[in-house]
Amino acid sequence: MVSSSTSPHLKRPVGGEELEVGPTRKQKVDGGTTAGMAGGNVNGSGGSGYGSGNGKAPMTAAVGGGNAMDIDEDLHSRQLAVYGRETMRRLFASNVLVSGMNGLGAEIAKNLVLAGVKSVTLHDVGNVELWDLSSNFIFSEDDVGKNRALASIQKLQELNNAVAISTLTAELTKEQLSDFQAVVCTDISLEKAIEFDDYCHSHQPPIAFIKSEVRGLFGSVFCDFGPEFTVSDVDGEDPHTGIIASISNDNPALVACVDDERLEFQDGDLVVFSEVHGMVELNDGRPRKVTNARPYSFMIEEDTTNYAAYEKSGIVTQVKQPKVLNFKPLREALKEPGDFLLSDFSKFDRPPLLHLAFQALDKFILELGCFPVAGSEEDARKLISLVSDINNSLEDGRIEDIDQKLLRSFAFGARAVLNPMAAMFGGIVGQEVVKACSGKFHPLFQFFYFDSVESLPSEPLDPSDLKPLNSRYDAQISVFGAKLQRKLEDAKVFIVGSGALGCEFLKNVALMGVCCGNEGKLTITDDDVIEKSNLSRQFLFRDWNIGQAKSTVAASAASLINPNLHIEALQNRASPDTENVFDDSFWENLSVVINALDNVNARLYIDQRCLYFQKPLLESGTLGAKCNTQMVIPHLTENYGASRDPPEKQAPMCTVHSFPHNIDHCLTWARSEFEGLLEKTPAEVNAYLTSPSDYTSAMKNAGDAQARDNLERVLECLGKERCETFQDCITWARLRFEDYFANRVKQLTFTFPEDAVTSNGAPFWSAPKRFPRPLKFSADDPTHVQFVMAGSILRAETFGILIPDWVKSSRKLADAVNNVEVPDFQPKRDVKIVTDEKATSLSTASIDDDAVISELVMKLEICQKKLPPGFKMNPIQFEKDDDTNYHMDLIAGLANMRARNYSIPEVDKLKAKFIAGRIIPAIATSTAMATGLVCLELYKVLNGGHKIEDYRNTFANLALPLFSIAEPVPPKVIKHQDMSWTVWDRWIVRDNPTLTELLQWLKSKGLSAYSISYGSCLLYNSMFPRHKDRMDRKMVDLVREVAKADLPPNRRHFDIVVACEDDEDNDIDIPQISVYFRLFTLISQGRHQVENYALAVVINHGFPVDLCLNGDINDG
């Protein structure tokens, strides 16, 4: 059931949204056969996929698909930021087979369709069972009895009409595999897998073969991309670069770089040199090997003794080398698996055992014709016996001590495909398919095994609790039991954000049955609306949803996955401004909070609320192929805000405005100019025109350089640069070109000539500074004309001037531009140009600012009288994702012309959009993996009783691939006398105390309070004599009168921050204190219940029992 309320809003990422590429791909049915299959010749019952079948596989094709190589940049922009155009084009030419449409197969197919491969063929001989609904988001109860592949085609096609999706519904033959670049099998016997892999391995060209399984809380992946597979880019990172400061005439030569940024080179890297002055012999483009790499220097294996001496400048750039991998076929790799890819170093001995367990399970199924039964000790013993037999047959690598408890868990859950596991492995396998089709990123080589047995309930499971209940959750019940299932269904969950992560989370919790019981409720909030670029990852949205509220659409889609889901969709941003919506009672009733956000500030706010209300927070984020998860569990782990990444290094203002040395600087400047010219200045004009007297009075009162600059911009816009016709706009744009790319450069090089030196005699134009050259406008240069076209169109928009059609004719526009008179420019002496890297403003204060401002105000009054009645400007807000609005055309033009001034490599409009639009690279695979990992932790949180060593934080990079899974960090414990506390603790003081009573209460604990504040208001400081008058005042009265706090009738308490010292004058960091000034009860709960809750928490977390019993102090 879905309900929707409207209010402000909230949004999600780690972190990202989308990207896109080129004109749209044409839709057409691509060469497939449309065999009118209503049911086809289906064999098997749909259990394990180990059954037999005969005959050619019937095939059905869905409408959609195509092989046009154009890339829709509006759709795929975020994905393009990860892969680049070449990889995307290779994907668009790739045909993939996914065999086995269980939950794992559905996740893999979803990720590939969103990625935009040419075609996906779905194969399955079995029918949908109620059991499948635990893990497969495609199926509904109406699909039970239908062929799995046929039941999947329509919903997968909705995700991307540019992908041709077809089905095969009878047993596969190896010859059919020749139609594909990659074959994925999720439900296949080992014998068949070996047969298919042998065929794929020896095929010319080789066909990538991937076998993956999810068995309860255990999963495996095997990859074979052929005898010689070339990886064109092993990590997807941009080549590392450095700006050269010096090169020695030595053997080997020492290269030193400026200490602007640390070098990322490693010994053995190959690098090329360019733009080196003096030692020009290095500019030959030949790669040279790095040795002795240091943070700001390295050596090259070259004798430069007889080279010309280094003079200045130079760039050194890493040359990325392709890598050739020699995969073994499955039949060989089973016997000699080599090194397993590890994910959790606390389980370093697990992969060899799981390697045997999955082989033993295959034998079990072949011998008995079924999976082990959940809770059957006999079946578990049989599986353990098979593992022992295989182990004993090994000549090398025999396991000495077989973990029978682990194998028992493996046997009990072997038939179940759990949604979180399917989501995680769907992300991993989907990414491996992309690697196989494109050569981008390093493949998984060759086996990966994973388990999450820590997700099982901490108490022993009763075998009778694992029996099926003829429900859609039976597969999950077979692993966790019906008791935990009820806890999931009755949970109260808050998902913050409904973007890429939010969509995946909604799908996962719906399949798991979270919030699907009578007591359960899921609240999701997001203040954003759906854009086209969202569709490549946020899979619950369709193109007809563009412009609608994300949370509402996502909630409706999730309810279709599971109609029992109790969900409320809000459009409120979770922030201090909406604490009337997300009030105390809302937070107090929650079981867990799941963040699906895209910015750090919002994450920090939710983290603080979870700290305050003692709620578990499941945090995750993505950045391209990378993802991370963090579990924030009350009193067990540190909170999200306890550790932070260092802030991004910002380029100094003088570098951006006068001395850029990379394209990022140029694009930062370009966006700043765009916003100043087209948004801020028109907004200032409107502010002035709305109330001229108020505006000018405010500027006079300010009387500073900023006020002077504002008035100058407004006067310029309404005076000499005011546009009344489109030709005026062309003139403005042409003169802007001259100002930016010719006159300013002439002034800069006049002030600082090429041979200028600093006060200590060093060359002024030394690295990283680049000496600029002015541009000469040419109507024959299309980039010059395009700049004028974009500038004139946007200038016309701000003045409300009609834009003529002929502006898009290069010849007519060039003629109009040539009619513009460009005045000569003479550099001026004594012009001040900021060179101080610490400067925060380019405006310089003047002793006569007041006089200048008065003169500007007078001139403005004259200008205003010449304006037509009701004149207003139209400020333009930058929008990166609309390729028809000329915003990115202007920004790319500004940046590239500036880059040309400084001999910096230019970028295309797409790359400019990534940088200037601050687009976060994002792909569906890393998002799916992150949410799967989080939901494995959700089982633990909602079951309760788990220790910190049961929880897991993860960092993963699917490009490498790298999986780093570890226990969370515990919170810092502060001790004082016989008390201890952490950031999770909150002290509660009741009975409406006075300031004196509060101070005395703290004193009795050995704490001397010297400062008490409410928000930003200081209520008490021991250094202020006048504060002694407040000693007998009630704390609530001080908050109301001194801090002017509004405490509405529904508020029972307020929070204060107290700074304390111990008896030896050491600062003691105590918890936040909540002062209750009304009866300590909750409106929705009885006093007894609340007090017992507080008492229990405090006793468990370090406070002596007597403090709790006397009612003075409790944990909130």
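The model is predicted: local features need pLDDT of at least 70, side-chain atom pairs count only at pLDDT 80 or more, and totals for chains, interfaces and linings use all residues. Residues are numbered from 1 along each chain as its sequence is written, and side-chain values use heavy atoms, with hydrogens and water left out.

The chain has 1116 residues, of which 57% count as buried. Buried means under 20% relative accessible area, exposed over 50%, and partly exposed in between (1.4 Å probe, protein chains only). Secondary structure comprises 30 helices and 33 strands. These are DSSP runs, numbered from the N terminus (helices: H or I, at least four residues; strands: E, at least two).

Salt bridges were assigned next. The criterion is a side-chain nitrogen of Lys or Arg within 4 Å of a carboxyl oxygen of Asp or Glu. By this rule there are 63 salt bridges. One of them joins D908 and R85, with an N to O distance of 2.7 Å. The pair links distant parts of the chain, 823 residues apart. D908 sits in the loop between α24 (887-901) and α25 (909-916), while R85 belongs to helix α1 (residues 73-92). D908 is partly exposed, because its relative accessibility is 37%. R85 is also partly exposed, at 26%.

A salt bridge between E568 and K521 has an N to O distance of 2.8 Å. This pair connects two strands: E568 lies in β20 (residues 567-570) and K521 in β19 (residues 521-525). The two residues are 47 residues apart, and they too link distant parts of the chain. E568 counts as buried, because its relative accessibility is 17%. K521 is partly exposed, with a relative accessible area of 36%.

E588 pairs with R1052 in a further salt bridge, the closest N and O atoms being 3.6 Å apart. At 24% relative accessible area, E588 is partly exposed. R1052 is buried, at 11%. Elsewhere, salt bridges that share partners join D344, K347, R350, D451, E454 and R952 into one network.

Helix packing was then examined. Two packed helices are described by the angle between their axes and the distance between the axes. Axes are lines fitted to C-alpha atoms, for helices over the stretch in contact, and angles run from 0 to 180 degrees between N-to-C directions. Helix α18 (residues 692-702) and helix α23 (residues 849-865) have axes that come within 10 Å and cross at roughly 165°. α18 is therefore roughly antiparallel to α23. Angles under 35 degrees count as roughly parallel, over 145 as roughly antiparallel, 65 to 115 as roughly perpendicular and the rest as oblique. The crossing of α18 and α23 is right-handed. A crossing is left-handed if the near helix is turned anticlockwise from the far one by less than a right angle, and right-handed if clockwise. P692, T696, M699 and K700 of α18 make the contact with I853, V857 and Q864 of α23. Contact means heavy atoms within 4.5 Å.

Helix α2 (residues 103-115) packs against helix α9 (residues 419-438) at about 45°, with their axes 8 Å apart. The two helices are therefore oblique to each other. α2 passes α9 in a right-handed crossing. On the α2 side, contact residues include G103, L104, I108 and L112. On the α9 side, they include A422, F425, G426, V429 and V433.

Two buried residues were followed individually. L775 lies in the loop between α20 (726-751) and α21 (782-799). L775 is buried, with a relative accessible area of 13%. Its C-alpha atom is separated by 6.5 Å from that of N901, 126 residues apart along the chain. Leaving aside neighbours within four places in sequence, L775 contacts F737, F741, A742, M897, R900 and N901. R671 is found in helix α17 (residues 663-690). R671 counts as buried, at 14% relative accessibility. With neighbours within four places in sequence left aside, the contacts of R671 are F878, I891, A916, G917 and R918.
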